[in-house]
Each structure stands twice: as C-alpha cells, then as structure tokens.
Amino acid sequence: MCLVFSGHKAQNTSFPGLITFQEPVIIQLWKNGAKEYNIAENVEGSTYNWTIPADQTKADDYQIRVKSSANASISDYSDSDFEITGMPPGSFITVIQPNGGESWEIGSAYLISWTDNISGNVGLELVDYSQTPTTFTTIATDVPGSTYTWTITDGVYDVGDDYKIKIYAMDDPTLQDKSDDYFSIVPDMMFSVHPNPVNQTMTLDLTKMNEGMYDAVLYNQFNLAVIEDTFKAGEIVQINTTNLPNGLYFLMLKTADGMKSQKIIVQH
C-alpha cells in the first residue's frame, strides 16, 4: 500500500492539506480509535510504501495517522476508516489431484497437485467425511509451489472411501479449495506402481501376486490402449513411458479376482 500524505488522495487513505513543516514524520496504524503500532518513523517526503504484514488482523475500522516527529500535536488521520482484507479479488486455489475417484495405497507416495495465483505458501489437510463431525488432519503447512509428495503412512492414516484434500492459503485460510469428489485410501494392493507421477520409466511390482500370467493394459484418458503386455506373477518389470504425452492414464490388470486398476500420472 502506498501512503500519500499530501493534498492528494491515495487508495484507502487521504490526508487533506499539504505538509508545511520540514521535519520527518511518524506513520501509525490505528484501529477502532486506538493506536496499533508505528508503521514507520523518520519518514522523509510525502509518500511511504507499506507492506501489510501477513498476520495483520483483517478488519474494516482502520485509520492511518501521520504526525510530526518534532511536535505530536501536528498530525492528521484518514478522513474515514479503511479495510484490510485477505487475498486480493480474483485470488484462487484449485485442487487438481486427488480430485475424486482415486484409490491411493497405504505405504505409497503420491503427488498432491493444485494451481493458484497467490504469492504465498499453502497448507494441506486430509478431510474425512466418514466422521461426525467431519475431521481435518494436517498433512503439511507452509508448502511452496504447486505440488507436494504425500506418503500415506500406515498407522497415521486409515483406510476409507470418503476422503478429500483441502488446500488453503497460509496468509488467508478462508481462501481454499477441496477435491471435487471423494477419493479412497486403500490397503497395500496386490500390485503396485512407482513412481507415480512417472517420468521416463514406470516400475510394476507383481511380487505379491498369485502365481500365473497377467494381462496389463495402460489406457489414456480417452480410453485408448497405449501400452499392452503380459507379465508373470513375482516379476518386477520396467515400462517405458518416454513417448507418452503428459496426462492421466489408467493401468488395468486382469487378476484371478477380476480387474484391478490404478490411476497413473505421466509428467515429464
């Protein structure tokens, strides 16, 4: 915020009348008629750029007081109250993954991803809608960027079908988003895929499978088969994903118990 103490109006703040003394000024923040703190001291000139602290209380009854550093009786306040809000208009956070329908395995690591247009960090919570009341478990706080690798630790997180991920701005927790639909945390699967997201090579672990041969098909988001192969129980095989475009895929594995599937993200 740029504070202008002259005959011109600034956003949220105005100080009619020109400064007629030469000494520096003290700039103060007032709330509901009481001084909060000095924003700056010994300020020369007639403008000051104020970075509002991230933990500043949000309210609509603030004023700015500018006074002479030599004579406290020479001062002026904002003509009217102004408001300190959270994120600027148009700020958003949107959860990308998990966004509903995923089955994530206990003991494995998965990428939580989102998009936003904020400058600060975010917090992540696991929301359990099977509980009454709904429970919120902190996954991480002060996370930079737009991805976070979450290891679903056994004993910390429980198997369930009614989970969502909540992501919120650390500077303003009211700015948040949740998964559009529920995802599941499932027990250790008979087969596993790692890493996920995958870059160049995906490892398919069939060491827990019952004896026999298994047909594996990797489908893209348009339900077109892009990789097909047959593997033997007990194998750990490498699948080359170098030529696959970035995006969402589903690995379908025909087992003795029927079809099993796992969502795969290719991200080069």
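Q: Which lysine lies over the face of Tyr-182, and at what distance from the ring centre?

A: A charge is taken to sit over a ring if NZ of Lys or CZ of Arg is within 6 Å of the ring centre and within 35 degrees of the ring normal. Here Lys-164 lies over the face of Tyr-182, at 5.1 Å from the ring centre, and Lys-31 lies over the face of Tyr-62, at 5.9 Å from the ring centre. This is a predicted model, in which local features need pLDDT of at least 70 and side-chain atom pairs count only at pLDDT 80 or more, while totals for chains, interfaces and linings use all residues. Residues are numbered from 1 along each chain as its sequence is written, and side-chain values use heavy atoms, with hydrogens and water left out.

Q: How many aromatic pairs are there?

A: Rings of Phe, Tyr and Trp (its six-membered ring) pair if their centres lie within 6.5 Å, and planes under 30 degrees apart count as stacked, over 60 as edge-to-face and the rest as tilted. By this rule there are eight aromatic pairs. The ring centres of Trp-30 and Tyr-77 are 5.3 Å apart with the planes at 90°, so this pair is edge-to-face.

Q: Is Trp-30 buried or exposed?

A: Buried means under 20% relative accessible area, exposed over 50%, and partly exposed in between (1.4 Å probe, protein chains only). Trp-30 counts as buried because its relative accessibility is 16%, whereas Tyr-77, at 28%, counts as partly exposed.

Q: What kind of pair do Tyr-129 and Tyr-182 form?

A: Tyr-129 and Tyr-182 form an edge-to-face pair, 5.5 Å centre to centre with 65° between the planes.
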